[in-house]
Amino acid sequence: MAPWLARASSQLARRAARRLLPAPSSYRNRHCAAAAGPWLLGSAPPVLGASPAAGDRRGFCSVRRFTGESSAAAAVEEAENGLVAGGDQAIDFPGGKVSFVAEMNFLPESQRERINCYRVLDDDGRTISGSRFQEVSKELAMKMYSEMVTLQVMDTIFFEAQRQGRISFYLTSHGEEAINIASAAALTIDDIVLPQYREPGVLLWRGFTLQEFANQCFGNKLDYGKGRQMPIHYGSNRLNYFTVSSPIATQLPHAVGAAYSLKMDKKDACAITYFGDGGTSEGDFHAALNFAAVMEAPVIFFCRNNGWAISTPTSEQFRSDGAVIRGQAYGMRSIRVDGNDALAVYSAVHAAREMAIKEGRPILVEALTYRVGHHSTSDDSTKYRPVDEIEHWRTARDPISRYRKWVQGNGWWCDEDESELRNNVRQELLKAIQVAERMPKPPLAELFTDVYDEVPSNLREQERLLRDTIKKHPADYPADVHI
Ligand SMILES: Cc1ncc(C[n+]2csc(CCOP(=O)(O)OP(=O)(O)O)c2C)c(N)n1
Ligand SMILES: [K+]
């Protein structure tokens, strides 16, 4: 027995003896569980001071029966011999006191009921009576609405542009507009965003223009990534938005580091990182949550639980009650929120941010939602999920319609406003696409820069070969490649 455990055991037994506690009827069982406690069940504890009386063997554990007044003295004797007396008292362990119990109870694999989901608006856009939420001004509420619509229109047009062969790839946030916009609205520009790829609305909210989105998707010379990345891999230094990186969940540990640096600099800001239900199966997810909890980093882990990771349903992703329950396992406050309710998402992230910064702690937010679109333009989701299911979420559960009912109910919006907004966004984006499409591509030399301070000889050789190949086969390369 470890010396600290023996000390604790003997202190406890002496205290019991001083108070002359009568032996509880279940003493025998407690004794048994306590003695087995620190070791693996099934293996005998290394020190057993009391020799078992005949007939007292119960599997792995030796037992002595005590009665009446003699029990306290016996407890002392047992403790001196290295046994733990058990009882209601808590015993010191590394990490804090733990109480012993007589029953051999395994923690159940799940709670009896699933964790509740915080909601403000019902399906008809009415505030649920008694719901508590962060007030939003008319101005903020309307900006949220118009950005949700802008995101939806942008997604629809870029998706079509890919189908027309004008861009190589696209991925929509359909069904997750409230998550995108309302979470962004609850942050300040000083908060650092480490995105997955389905949160362009956060960047839109921060002021990334439709022209900037188009420049990236067309990989032209104004794209900040210099045309090196696939479409939708946006990033902006100016807007504190890390560049999207496709490998799932790598951004989570980065976010903890970024958050910790904000804390060291005593900044009034936090980091937020987004990821899907699929991302929770990556080792990076677990490393990041543990790291953040231990380091008390002001980071918000925002899980978009949208039911699908490409063709993998959540039923094949995890057996836990979603992601929210995992926060507690790592010692982190967590909340489950209706991801299709803009006011609930806004309120939850607003509160999470306050706690993260003021109390210096990570928070996990799990937003329940549904990926209404295909995974990307490389996917046809009707191959693995029922069309009815998609339609139900696209219509009856649409976050934009629900929020619109609420703003309209407040007298802030009407049908004419709606068509004017949609028309304006469409015009602006079509113009941006035309400009982006005509804009020359970045110079070829840029393919080889920004990794090494000086381009090494092997890369210079590759560049020379590429230029020769383009000259030999000009028809196989875009006409505007700048040799
Ligand atoms: C490490 C890694 N494994 C696999 C992939 C391929 N992949 C791209 S997206 C994706 C699904 C991710 O699903 P989820 O995290 O739930 O996000 P969602 O697409 O639903 O928003 C997978 C498996 C990847 N990009 N990175
Ligand atoms: K990543």
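This is a predicted model: local features need pLDDT of at least 70, side-chain atom pairs count only at pLDDT 80 or more; totals for chains, interfaces and linings use all residues.
Local features require pLDDT of at least 70 and side-chain atom pairs pLDDT 80 or more, while totals for chains, interfaces and linings use all residues. Residues are numbered from 1 along each chain as its sequence is written, chains are lettered from A and ligands numbered from 1 in the order written, and side-chain values use heavy atoms, without hydrogens and water.

**View 1. Two domains of the chain.** Domain 1 spans 138–438 and domain 2 spans 444–473. These bounds come from an automatic or database domain assignment. The C-alpha centres of the two domains are 36 Å apart.

**View 2. Packing of helix 8 on helix 9.** Helices are DSSP runs (H or I, at least four residues), as are strands (E, at least two), numbered from the N terminus. Leu 252, Pro 253, Val 256, Tyr 260 and Lys 263 of helix 8 meet Asp 284, Phe 285, Ala 288, Phe 291, Ala 292 and Met 295 of helix 9 (heavy atoms within 4.5 Å). Of these contact residues, 9 are nonpolar, none polar and 2 charged.

**View 3. Salt bridge between Asp 321 and Arg 114.** The closest N and O atoms of this pair are 2.8 Å apart. A salt bridge needs a side-chain nitrogen of Lys or Arg within 4 Å of a carboxyl oxygen of Asp or Glu. Asp 321 sits in the loop between strand 7 (312–313) and helix 10 (324–329). Arg 114 sits in the loop between strand 2 (96–99) and helix 4 (138–163). The partners are 207 residues apart. The count of salt bridges is 31.

Notes: Ala, Val, Leu, Ile, Met, Phe, Trp, Tyr, Cys and Pro count as nonpolar, Asp, Glu, Lys and Arg as charged, and the others, Gly among them, as polar.
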